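Look at the model first, then follow the dialogue.

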Amino acid sequence: MATPDTSPRPHAGDRRDDIQGVRAIAVLMVVSYHAGLPWPGGFTGPDVFFVVSGFVVTGMLLRERRATGRIAIVSFYLRRARRLAPALAVVSIATLVMAMIVFSPIGTDQQVTALAVAAANTIRANIYFLRQTGGYFQPAAQANPFLHTWTLSVEEQFYLAFPIALVAAWWVARRWQAERSTIALFSVACLASLAASIALSYGYMPKGWTYIGRVIGSYDPLRVAFFFPATRAWEFVAGVVLALAAVQWTPGRALRASAAIAGAILLVLTIVVVRSTEHFPGAIATMPVIATVGLLVGGLGSPAPLVNRLLSIKPLVWLGDRSYSWYLWHWPLVVYARALFVNVWAAPLVAAIVALAPAALSFRFVEEPIHRRRIWPSMRATVAIAVVSVAAPFACAVAFKAAVDRAWGDAQIAAIREAAATSHIDVTAACASQAPLGDPARPDCVWDTPASRGTVLLIGDSHAGHFSEAFIAAAHALHYDAEIATAGGCPFLQRPAYQADWCGHVVEGGLAAMIRREPAYDAIVISNATLGYLDSTLMPFAADVPSGVPVTKASTIDAWVTDLTRTLHTLGRLSSTIVVGDVPQFYQVPQCLRPTLFRGPVPDCGVWTPQWAAAMRTDIIVEERAAVVALGATYLDAGARMCSTEKGCSAFIDGRVAYRDGGHLSVWGGMTFEPDFRAALATVTGRHDAASQMVQ
């Protein structure tokens with residue numbers, strides 16, 4: 001259809017070397033952050049990319065409208081497919097091959113890699129990570145070699161929706177006979193998206209959030225703000241609005257210079273000052289977005305300001321041209337380097353630099369020839385390229401996942417994985433919850449027994465959960481109902497300050513529920529991942545060390561014991577209390593039994609030497625036991641079943657691995673502790689006649 005000439009003025013949409021320089025800075029931000037360099041704000045690099053994409057794509061569509069009087073939406077989609085899909089397909093297949101070679105077939109690393117590859121090649125990686133991870137910055141997500149593709153899916157979702165939205169906005173503007181209203185419409189959309197992003201980032205949940213969360217696939221508002229396209233749209237639309245404005249507005253030389261300088265300063269501040277990821281994107285994301293807009297404004301005319309001339313230097317333009325390929329390749333290589341060279345600090349940095357080589361090759365032989373139509377230029381070839389570039393990696397991912405699910409046809413892998421795969425009953429029964437004991441939101445996690453003498457309670461974090469089956473069996477053997485309340489990552493301790501508000505709610509609410517319960521529990525069993533917290537694997541416990549006291553291993557143990565003592569004092573003597581001493585943690589088990597498809601067990605798999613066992617647990621157990629016994633409670637050292645002074649500690653019981661992952665016992669492994677729990681419960685409830693084994 002015929003439309004008025006609204007082509008952008010020079011530099012509004014044409015190729016600009018300074019924009020390639022901005023892309024180079026953005027990819028350097030991301031890569032340096034992933035490589036572990038001390039540029040804390042580097043994780044905001046994708047926000048820069050989003051603004052640039054909105055600006056450049058709008059310019060492309062404006063030029064097409066000027067030349068033809070319309071926008072060919074299907075042709076636009078196919079051009080985007082030529083630009084993005086082939087390079088992604090190559091990286092996808094390479095990533096699957098590397099996952100087969102590097103990752104252990106035990107556990108879920110290979111499976112989640114295949115799922116992420118399939119999601120990325122069907123434009124839904126962001127939704128996959130939204131639903132399947134605890135958030136971008138969580139360890140489980142950071143170990144996925146395709147995590148970075150969430151940005152590509154958000155961008156591709158923008159490309160799908162934006163041309164239609166732009167045509168619709170032009171239609172509305174024409175009906176209103178006000179061409180500038182297109183800018184107003186997108187400005188309103190930008191502000192609405194920004195408001196939603198900030199609100200969700202700070203925990204605001206609108207009315208009907210339960211329904212919304214069910215549809216979206218996540219009830220975590222911060223995670224939704226980070227991954228969901230509607231809450232990221234404002235960043236693209238900021239670039240869109242600028243490109244539309246540039247059609248009718250040319251900023252003066254002084255304004256362009258000021259905007260470019262301000263943008264550069266703000267971007268530097270973003271890189272070196274922004275550290276917190278707690279409420280990101282939120283208001284923090286406005287910093288890189290405004291900075292990028294300032295840099296883009298600087299190039300809306302000539303002569304270009306100094307900042308934009310510096311962005312146009314050849315090394316930055318060269319890197320900017322290859323930014324997409326480097327972005328694709330760097331993260332898989334960083335993840336695999338971390339897996340291969342554990343605790344080698346330079347490995348991620350070297351991997352990120354090495355990634356430039358396959359990126360340059362991909363740019364030279366895949367990205368550029370196809371994108372520039374130097375090969376297979378016809379429309380039919382374009383359709384074929386798009387179909388093959390999506391179907392081939394997707395099919396490879398599906399086949400890869402099927403092979404992993406079948407344990408690669410290896411009986412040994414299948415046996416190990418079966419033992420590791422079964423979840424504990426506290427998880428399957430939804431008793432692992434962030435709602436405190438007694439809260440209506442927490443399920444009724446009580447396992448009844450006929451002719452019950454009362455109720456005993458198991459409470460704590462996931463290290464209470466991995467004893468669930470043993471605890472229930474022991475309680476029923478003594479004719480007690482068994483109740484379970486666990487919250488992963490939240491030690492059941494009264495602390496001077498909690499690592500998260502929800503954890504404080506769980507602990508304080510749980511203690512209050514125990515105190516007001518009538519009748520009182522016949523016994524309360526507290527179990528926490530003590531060793532994991534005190535070696536800082538799970539969280540630093542330094543915050544509990546009193547002010548002015550040096551943070552050492554001894555002072556953190558003292559802080560833990562003080563918190564435990566505070567907790568037991570709060571409980572008082574309303575119930576008999578058992579505190580469980582933690583089992584050792586073997587962070588490479590069971591993967592070390594088959595570290596790859598092509599290797600057998602690594603040396604010392606699942607073993608602590610006597611010296612290491614003494615260094616890691618002896619003083620902790622001694623101090624914790626003394627405090628518990630001094631308060632008249634009972635101490636059950638679960639780790640004693642797996643450790644001895646002469647032999648150290650082992651992850652194996654009767655020659656069979658007892659762990660489902662590096663920190664948690666398997667269902668079978670946990671059940672081997674049933675006699676210990678039965679003996680401990682018998683001791684505190686006076687049911688000695690039913691005990692088959694006394695506490696060690």
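**Reading a pocket and a helix pair**

A: H2 gives the most to the lining of the second largest pocket, with ten residues. Helices (H or I, at least four residues) are DSSP runs, numbered from the N terminus. This is a predicted model: local features need pLDDT of at least 70, side-chain atom pairs count only at pLDDT 80 or more, and totals for chains, interfaces and linings use all residues. Residues are numbered from 1 along each chain as its sequence is written, and side-chain values use heavy atoms, without hydrogens and water.

Q: How much space lies in the second largest pocket?

A: Rolling a probe the size of a water molecule over the atoms shows where empty space is left. Here the second largest pocket holds about 950 Å³.

Q: Which residues lie nearest its centre?

A: Arg23, Val56, Arg80, Arg83 and His371 do, out of 37 lining residues. The lining divides into 14 nonpolar, seven polar and 16 charged. (Ala, Val, Leu, Ile, Met, Phe, Trp, Tyr, Cys and Pro count as nonpolar, Asp, Glu, Lys and Arg as charged, the others, Gly among them, as polar.)

Q: At what angle do the axes of H26 and H27 cross?

A: Helix H26 (residues 553-571) and helix H27 (residues 610-630) cross at roughly 30 degrees, and their axes come within 10 Å. That makes H26 roughly parallel to H27 (angles under 35 degrees).

Q: Which residues make the contact?

A: Contact means heavy atoms within 4.5 Å. Among them are Trp560 and Leu564 of H26, and Met616 and Ile620 of H27. The contact residues divide into ten nonpolar, one polar and five charged.

Note on methods
Axes fitted to C-alpha atoms, helices over the stretch in contact; angles between N-to-C directions. Helix = DSSP H or I, 4+ residues; strand = E, 2+ residues; numbered from the N terminus. Parallel < 35°, antiparallel > 145°, perpendicular 65-115°, else oblique. 1 Å grid on protein atoms, 1.4 Å probe; cavity = no way out; pocket = protein on both sides within 12 Å on 5 of 7 lines; lining within 4 Å. Points joined across faces, edges and corners; volume = space filled by probe spheres on them.
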